[in-house]
Amino acid sequence: MGEAKRRREALRQSFLKMVDLWSFPETEWERDLVVELSRRPVLRVPRAPDWWLEYTRMVPQQCHVNARFMADSDPEYEHVTGWWPQSGNFALHSVVRHKGQLMCVTPPQSFLRGMSDHVDFIPDPMIEWSDEGADSRAYRDGVRLGAGVRADPAEAIRCQELFRDRLLAGEDPLRALFRP
């Protein structure tokens, strides 16, 4: 298998995992949280420069691990968890606070490089982390958090199923992601 084909297949598998993370039953708790988050101010948090992300070996799609690593490695950094608004949904996201300033320390996936130099972010001091074996899990109000919460769960699930079908049919992962 060629390198390009291997990368495409790895991306397909990554996207399929993402679909699974966002495909969960709707709850009243989720609806209430979306209403609450929709009323909060959104901050523009700058991304760390690409050279710094490469130098520190930060990993795409591992924002919680990256922020925790920074906080554990240097007392000047604080792990801050909250929400990244994305097309009506709110993705669970972590950044760091350094000398009073928030900064995103997670590089975008390679196909998104050159995108925005900031992320929108809603800090949430109600989120708590619990070490469970080798993993850390985020909780809010005693509810274990997944990838995020959805403004329209039925529509989000419909879109995720359409995306899954495209991926499983062998469509190029980026084309499947970006086409309507």
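Trainee: Which residues of α1 are buried?

Mentor: A note on the source first: this is a predicted model, in which local features need pLDDT of at least 70 and side-chain atom pairs count only at pLDDT 80 or more, while totals for chains, interfaces and linings use all residues. Residues are numbered from 1 along each chain as its sequence is written, and side-chain values use heavy atoms, with hydrogens and water left out. The buried residues of α1 are Leu11, Arg12, Ser14, Phe15, Leu16, Val19 and Trp22. Buried means under 20% relative accessible area, exposed means over 50%, and partly exposed lies in between (1.4 Å probe, protein chains only).

Trainee: What do the buried residues of α1 pack against?

Mentor: They pack against β3 (89-98), β9 (148-150), α5 (153-168) and α6 (173-178). Contact here means heavy atoms within 4.5 Å. Helices (H or I, at least four residues) and strands (E, at least two) are DSSP runs, numbered from the N terminus.

Trainee: How far does α1 reach from its first C-alpha to its last?

Mentor: Helix α1, residues 3-22, reaches 29 Å, close to the 28 Å expected at 1.5 Å a residue. The expected span is 1.5 Å times one less than the number of residues.

Trainee: Turning to strands, in which sense do β2 and β3 pair?

Mentor: Strand β2 (residues 77-86) pairs with β3 in the antiparallel sense, over ten bridges. Two strands count as paired if DSSP finds at least two bridges between them. The hairpin of β2 and β3 has two residues between the strands, and Ser87 there takes a positive phi near 50 degrees. On β2 there is also an antiparallel pairing with strand β5 (residues 118-123), over two bridges, where Gly82 stands opposite Pro123.

Trainee: Is His93 buried or exposed?

Mentor: His93, which is found in strand β3, counts as buried because its relative accessibility is 3%. Leaving aside residues up to four places away in sequence, His93 touches Cys63, His64, Val80, Thr81, Gly82, Trp84, Cys104, Val119 and Phe121.

Trainee: Which residues make up the largest nonpolar core?

Mentor: Its eleven residues are Leu33, Val34, Leu37, Trp83, Phe90, Leu92, Ile122, Ile127, Ala138, Leu145 and Val149. The largest share, three residues, comes from α2. Apart from this core lies another, of ten residues, including Ala67, Met70, Tyr77 and Val105. A nonpolar core is a set of buried Ala, Val, Leu, Ile, Met, Phe, Trp, Tyr and Cys residues joined through side-chain atoms within 4.5 Å.

Trainee: And how many salt bridges does the count come to?

Mentor: The count comes to 19 salt bridges, each being a side-chain nitrogen of Lys or Arg within 4 Å of a carboxyl oxygen of Asp or Glu. Arg97 forms one with Glu78, the closest N and O atoms being 3.0 Å apart. Glu78 also has Arg97 as its bridge partner in β3.

Trainee: Which salt bridges does Glu36 form with Arg40 and Arg140?

Mentor: Glu36 forms a salt bridge with Arg40, with the closest N and O atoms 2.5 Å apart, and the side chains of Glu36 and Arg140 meet in another (2.7 Å, N to O). Arg140 lies in strand β7 (residues 135-140) and Glu36 in helix α2, so this pair ties together parts that are 104 residues apart in sequence. Arg140 is buried, at 3% relative accessible area, whereas Glu36 is partly exposed at 30%.
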